[in-house]
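Please look through the briefing below with the sequence and the structure side by side. It goes topic by topic.

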Amino acid sequence: MSLEMRNICERCETAVLPQDSPARICSHECTFCVPCSDAMQNVCPNCGGELVARPRRVPSSRPAH
């Protein structure tokens, strides 16, 4: 099972978040840009969970599993 890599901030809806860019997520995969996450003190407004750095994906030539 892999993370859903959302490409836009759920708060400001203007920050574009490519898979290799920094972003913050909660355990429910709510996704926010770093400035919005900092403004919310790293607390998800949807579930109250902690927002942490989203892992980055690097494009590869290998097929996905």
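This is a predicted model: local features need pLDDT of at least 70, side-chain atom pairs count only at pLDDT 80 or more; totals for chains, interfaces and linings use all residues.

Residues are numbered from 1 along each chain as its sequence is written, and side-chain values use heavy atoms, with hydrogens and water left out. The protein has 1 helix and 3 strands, and from the N terminus on its elements run β-β-α-β. Helices (H or I, at least four residues) and strands (E, at least two) are DSSP runs, numbered from the N terminus.

**Sheet**

- The 3 strands form an open, antiparallel sheet in the order S2-S1-S3.
- Two strands count as paired if DSSP finds at least two bridges between them.
- At the edges are strand S2 (31-32) and strand S3 (52-53), each of which pairs on one side only.
- Strand S1 (residues 24-25) pairs with S2 in the antiparallel sense over 2 bridges.
- Within this pairing, isoleucine 25 stands opposite threonine 31 in S2.
- In general, strands of a sheet pair through backbone hydrogen bonds, either parallel or antiparallel.

**Burial and core**

- Of the 65 residues of the protein, 29% count as buried.
- Buried means under 20% relative accessible area, exposed means over 50%, and partly exposed lies in between (1.4 Å probe, protein chains only).
- The largest nonpolar core has 12 residues, including Ala15, Leu17, Phe32, Met40 and Leu51.
- A nonpolar core is a set of buried Ala, Val, Leu, Ile, Met, Phe, Trp, Tyr and Cys residues joined through side-chain atoms within 4.5 Å.
- In soluble globular proteins, nonpolar side chains tend to be buried together.
- Cysteine 9 is one of the core residues; leaving aside neighbours within four places in sequence, cysteine 9 is in contact (heavy atoms within 4.5 Å) with Ala15, Leu17, Thr31, Phe32, Cys33 and Cys36.
- Residues 24 or more positions apart account for 44% of the contacts in the protein with a separation of 6 or more.

- Threonine 31 is found in strand S2 and is buried, with a relative accessible area of 0%.
- The side chain of threonine 31 reaches the backbone oxygen of glutamate 29 at 3.0 Å.
- Beyond four places in sequence, the contacts of threonine 31 include Arg6, Ile8, Leu17, Ile25 and Arg54.
- Serine 37 lies in helix H1 and is buried, with a relative accessible area of 0%.
- Apart from neighbours within four places in sequence, serine 37 is in contact with Arg24, Phe32, Asn42 and Leu51.

**Cysteines**

- How many disulfides does the structure hold? The structure holds 0 disulfides, a disulfide being a pair of cysteine sulfur atoms within 2.5 Å.
- Cysteine 36 is in no disulfide, and its nearest cysteine sulfur, that of cysteine 33, is 3.5 Å away.
- Cysteine 36 is buried, at 7% relative accessibility.
- Cysteine 47 is partly exposed, with a relative accessible area of 39%.

**Salt bridge**

- A search of the whole structure finds 1 salt bridge, defined as a side-chain nitrogen of Lys or Arg within 4 Å of a carboxyl oxygen of Asp or Glu.
- Glutamate 10 forms a salt bridge with arginine 6, and the closest N and O atoms are 2.7 Å apart.
- Glutamate 10 is partly exposed at 30% relative accessible area, and arginine 6 is partly exposed at 26%.
- Side chains of opposite charge can pair when their charged atoms come close.

**Positive phi angles**

- Glutamate 13, in the segment before S1, has a phi near 55°, a positive value in a residue other than glycine.
- Glutamate 13 is exposed, with a relative accessible area of 56%.
- Glutamine 41 lies in the loop between helix H1 (34-39) and S3 and has a positive phi of about 55°, although it is not a glycine.
- Glutamine 41 is exposed at 67% relative accessibility.
- Glutamine 41 and leucine 51 are 10 residues apart in sequence and 8.5 Å apart in space, C-alpha to C-alpha.

Technical notes:
A polar contact is a pair of N or O atoms within 3.5 Å; within protein, one must be able to donate a hydrogen and the other to accept it, and residues adjacent in sequence count only if both atoms are side-chain atoms.
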